Amino acid sequence: MSAMEDGAYKQPPKSSKKPAPAPFSTAKSSKVTKNPLFEATPRNFGIGGDIQPKRDLTRFLKWPAYVRLQRQKVILHQRLKVPPSIAQFAHTLDKNTATQLYKLLNKYRPETKQQKKARLEAAAKAHAEGKKEENKKVCTVKYGLNHVVSLVEAKKAALVAIADDVDPIELVIFLPALCRKMGVPYVIVKSKSRLGTVVHKKTAAVLALTEVKSEDNRELSNLVSAAKANFGDKYEEQRRHWGGGVRGNKSTEKLKKRAKAAGTTVANAAKL
């Protein structure tokens with residue numbers, strides 16, 4: 001007897017399988033809307049996407065030959081042992097004293113070509129008119145290696161400024177010893193190009209002051225005392241100390257490993 005004949009209809013048992021979702025369904029996504037001020041906006045760096053961030057390409061750049069040479073030269077000066085006569089040029093005047101020095105030097109800059117031309121024209125015009133010429137003595141900075149050396153030998157220089165980056169260094173290597181022998185105060189300053197700007201040149205190896213105006217005597221005496229304290233009094237100490245001998249990172253790490261294996265200090269490991 002069938003279920004229909006019995007008067008009661010029984011439903012078939014339910015299956016546990018879920019039906020497949022309908023294609024192109026318009027069901028609402030369960031994504032929670034966030035505050036747009038703090039919403040993440042991921043960037044796509046693929047082709048035609050966002051602009052790539054700037055990277056440091058220093059190590060991949062082929063620098064010009066002169067840049068590579070000057071960098072290699074600096075590293076060689078650090079690695080190799082440098083004799084005291086050359087190593088003394090690594091000790092330069094401090095920034096504050098150097099600022100005072102350049103302030104004083106700029107007051108006594110020599111005249112430019114245009115200023116000299118104007119002065120000579122004015123003198124010629126005065127001479128043509130029969131006026132009496134006034135020859136005033138002008139205090140200026142003296143430059144030129146031979147000129148400054150002759151002033152030091154004659155003990156006429158009041159203060160000498162030597163550049164630390166003269167190339168070849170042999171041009172000025174004798175000057176500190178000569179200044180000390182003649183009792184002339186000297187200072188070693190950074191950058192020959194900065195000295196050159198004082199005298200309207202590209203570079204200047206050495207400058208000298210012979211005299212200053214009465215109002216600048218105090219500044220000059222302060223600089224002279226600083227020169228004696230930093231260079232004159234330390235000359236004997238500096239001539240005993242060699243420069244260079246600074247190891248690189250790789251060499252230092254090797255020494256540390258060697259010292260650790262041998263159970264000694266790094267200084268003793270360097271002698272092994």
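**Entry 1. Gln 238**

I looked up Gln 238 and found this residue buried, at a relative accessible area of 13%. For accessibility I used a 1.4 Å probe on protein chains only, with buried meaning under 20% relative accessible area, exposed over 50%, and partly exposed in between. Gln 238 belongs to helix H9. I took helices (H or I, at least four residues) and strands (E, at least two) as DSSP runs, numbered from the N terminus. Setting aside neighbours within four places in sequence, I listed Pro 84, Gln 88, His 91 and Asn 230 as the contacts of Gln 238; contact means heavy atoms within 4.5 Å.

I note that the model is predicted, so that local features need pLDDT of at least 70 and side-chain atom pairs count only at pLDDT 80 or more, while totals for chains, interfaces and linings use all residues. Residues are numbered from 1 along each chain as its sequence is written, and side-chain values use heavy atoms, with hydrogens and water left out.

**Entry 2. Helix H6**

Which residues of H6 are buried? In this helix, residues 175-182, I recorded Leu 175, Pro 176, Leu 178 and Cys 179. Viewed down the axis of H6, the buried residues fall within an arc of 165 degrees, so they line one face of the helix. The arc is taken from the directions from the helix axis to the C-beta atoms. The cover over these buried residues includes helix H5 (145-153), strand E3 (159-163), strand E4 (186-189), strand E5 (206-209) and helix H9 (235-238). Just after H6, I noted a positive phi of about 75 degrees at Gly 183.

**Entry 3. The nonpolar core**

I defined a nonpolar core as a set of buried Ala, Val, Leu, Ile, Met, Phe, Trp, Tyr and Cys residues joined through side-chain atoms within 4.5 Å. The largest has 45 residues, and Leu 101 and Val 160 have the most contacts inside it. Two or more residues of this core come from each of helix H3 (95-107), H5, E3, H6, E4, helix H7 (192-198), E5 and helix H8 (217-232). Beyond neighbours within four places in sequence, Val 160 has contacts that include Val 148, Val 152, Cys 179, Tyr 186 and Leu 207.

**Entry 4. The cavity**

Grid points are joined across faces, edges and corners, and a volume is the space filled by probe spheres set on the points.

How many cavities of 30 Å³ or more does the structure hold? I found 1. The largest cavity has a volume of about 40 Å³. Leu 101 and Val 160 are among the residues that line it, and H3, E3 and E5 each supply at least two lining residues. By class the lining has 9 nonpolar, no polar and no charged residues. Here Ala, Val, Leu, Ile, Met, Phe, Trp, Tyr, Cys and Pro count as nonpolar, Asp, Glu, Lys and Arg as charged, and the others, Gly among them, as polar.

For the largest pocket I recorded a volume of about 560 Å³. Of its 21 lining residues, Lys 73, His 77, Ile 86, Asp 164 and Ile 169 are the closest to its centre. H1 gives the largest share of the lining, 6 residues. The lining divides into 11 nonpolar, 5 polar and 5 charged residues.

The second largest pocket has a volume of about 360 Å³. Its lining includes Arg 119, Glu 133, Glu 134, Lys 136 and Lys 137, and the class counts are 4 nonpolar, 2 polar and 6 charged.

**Entry 5. Loops**

In the loop between E5 and H8 I looked up Asp 216, which is buried at a relative accessible area of 5%. Apart from neighbours within four places in sequence, Asp 216 is in contact with Leu 104, Lys 107 and Tyr 108. Lys 155, in the loop between H5 and E3, counts as exposed at 55% relative accessibility.

I found a cis peptide bond between Asp 167 and Pro 168, with omega about 0 degrees; Pro 168 is in the loop between E3 and H6. Ser 191 is not a glycine, yet has a positive phi of about 75 degrees. His 200, likewise not a glycine, has a positive phi of about 60 degrees.

Notes. 1 Å grid on protein atoms, 1.4 Å probe; cavity = no way out; pocket = protein on both sides within 12 Å on 5 of 7 lines; lining within 4 Å.
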